[in-house]
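Please take a moment to look over the sequence and the 3D structure before reading on. The paragraphs after them are meant to be read with both in view.

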Amino acid sequence: MASTAPSFGRFEIGGVVRRMVSGIGDNWRTLLIVAGITGVLAAAVSTLSMGQLASVLKPGDPTAALAMFTSPYYWTTVGGSSLVTTFSLTAMLGVLVGAEGKAASVGDAFRISLQRFLPMLGLIILWALGLMVGYLLIVIPALILLTMWSASAPALVAEGIGPIAAFGRSRALTKGFRWPVFGALVIFGIMYFALSIALQGGSTTGMLTLYGSSPVAALALATLVSTVMGILNAAFLAGLYGELRDAKEGGSNSQLADVFA
């Protein structure tokens with residue numbers, strides 16, 4: 001990743017964006033291959049499962065939404081895609097937070113993901129449970145947790161720590177910067193949602209119809225969406241972590257640098 005001038009004591013949303021662009025620009029080949037391979041796997045799971053789901057749902061049926069969420073095909077899609085996405089995110093974060101100006105290979109990325117996959121999976125499960133409880137408590141606690149834990153995934157990969165330690169590390173990094181971090185999350189969330197819907201043709205319902213009518217086209221579109229959104233998500237988290245780390249500590253990450261030496 002190209003070096004970015006540190007801004008000691010200051011967190012800038014623009015700095016996160018610059019790091020995203022720099023990280024993707026310096027490692028686009030590796031990121032594209034990693035995201036493409038895992039995107040095909042995730043899309044294949046989705047296409048097979050959602051194709052079956054589309055065949056049993058009746059268009060215009062008011063109970064279709066309930067049937068979807070109670071269908072084993074839907075939860076197969078969610079579970080399978082989540083595992084592949086976790087592996088992909090870990091691999092891409094390894095590239096983005098660990099390369100430090102060196103060219104990271106696909107082998108490096110997958111090796112890091114194999115090493116950190118189970119801790120990352122544990123972190124994501126705990127993260128999801130925490131947010132679920134927060135939403136049950138009238139949303140605001142969920143937004144607070146989302147902000148405090150926003151740097152936990154890249155910290156887990158970059159610093160070789162466990163899920164609980166990663167949550168603590170993220171709380172420490174975001175302390176004093178949580179309003180601008182929340183602003184960055186809101187801006188990215190809006191952009192992410194809008195781009196995702198645009199890539200799917202403006203409607204998730206349209207995607208479900210495509211799964212039933214043209215599995216090959218659905219596979220291609222799902223792979224495109226998974227690849228693009230996966231790279232953007234990893235780049236944002238890495239950029240957020242890098243900006244927070246420099247703002248709080250002005251230091252550089254060295255734990256993963258040896259992997260790419």
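Predicted model: local features only at pLDDT ≥ 70, side-chain atom pairs only at ≥ 80, totals over all residues.

Residues are numbered from 1 along each chain as its sequence is written, and side-chain values use heavy atoms, with hydrogens and water left out.

Two packed helices are described by the angle between their axes and the distance between the axes. Helix α5, residues 140–148, packs against helix α8, residues 178–199, at an angle of about 100°, and their axes are 9 Å apart. This makes α5 roughly perpendicular to α8 (angles of 65 to 115 degrees count as roughly perpendicular). Helices here are DSSP runs (H or I, at least four residues), numbered from the N terminus, and axes are lines fitted to C-alpha atoms over the stretch in contact, with angles running from 0 to 180 degrees between N-to-C directions. Where the two helices are in contact (heavy atoms within 4.5 Å), Leu-143, Leu-146, Thr-147 and Met-148 of α5 meet Arg-178, Val-181, Phe-182 and Leu-185 of α8.

Across the whole structure, a search finds seven aromatic pairs, that is, rings of Phe, Tyr and Trp (its six-membered ring) whose centres lie within 6.5 Å, called stacked if their planes are under 30 degrees apart, edge-to-face if over 60 and tilted for the rest. One of them is the tilted pair of Phe-188 and Tyr-192, with 5.6 Å from centre to centre and 50° between the planes. Both residues lie in helix α8, four residues apart, which is about one turn of the helix. Phe-188 is buried at a relative accessible area of 9%, whereas Tyr-192, at 30%, counts as partly exposed (buried means under 20%, exposed over 50%, and partly exposed in between, with a 1.4 Å probe and protein chains only). Phe-188 also pairs with Phe-236, and because their ring centres are 4.1 Å apart and their planes at 0°, this pair is stacked. Since Phe-236 lies in helix α10, residues 215–248, and Phe-188 in α8, the pair ties together parts that are 48 residues apart in sequence.

Conventions. Parallel < 35°, antiparallel > 145°, perpendicular 65-115°, else oblique.
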